[in-house]
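Hi,

Here is the structure I promised to pass on.

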Amino acid sequence: MHLYGLKNCDTCRKALKSLTGAELVDVRADGMPADLLDRALAQFGEALVNTRSTTWRGLDEAEREAPKAELLRRYPALMKRPLIDDGSTLYLGWTPETRASLGVA
């Protein structure tokens, strides 16, 4: 299981602590595989972009209009976190629904 996020993100650390055996992939340092990004965008669409982040607030209107895949490649911290890939299913965020689906209390 891979958890895509940021190593200094509190939510990502909580998820990693609860998911024994999961591996954190820091998207800022290591990037995210293009095929996974495409799969996540197809599944989650606009929800994959965290429009409440300081990175988003720092973008001008022209940058915000860029294709979401391009924005997330250029600014990986814009991704809502964590994105969890258990091999067959993707989960976005560390919500009660995600935790229940993964069997974590």
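Before the notes, one definition: two strands count as paired if DSSP finds at least two bridges between them. Keep in mind too that this is a predicted model.

With that in hand, take β3, which covers residues 83-85. Three bridges join β3 to β4, and the two strands run antiparallel.

Now zoom out to the whole sheet. What is the order of the four strands? Reading across, it goes β2-β1-β3-β4, in an open sheet with mixed pairing. At the edges sit β2 (23-26) and β4 (90-92), each of which pairs on one side only. From one strand to the next, the twist averages 20°.

Next, the helices. Helix α1, made of residues 10-18, lies across β1 (2-5) and β2, and runs at about 170° to β1. Helix α3, residues 34-44, lies across β1, β3 and β4, at about 65° to β4.

One last stop is Gly 21, in the loop between α1 and β2. Is Gly 21 buried or exposed? Its relative accessible area is 72%, and exposed means over 50%, so Gly 21 counts as exposed.

Methods: Residues numbered from 1 in each chain as written. Predicted model: local features only at pLDDT ≥ 70, side-chain atom pairs only at ≥ 80, totals over all residues. Heavy atoms only, no water. Axes fitted to C-alpha atoms, helices over the stretch in contact; angles between N-to-C directions. Contact = heavy atoms within 4.5 Å. Buried < 20%, exposed > 50% of the residue type's maximum accessible area, 1.4 Å probe, protein only.
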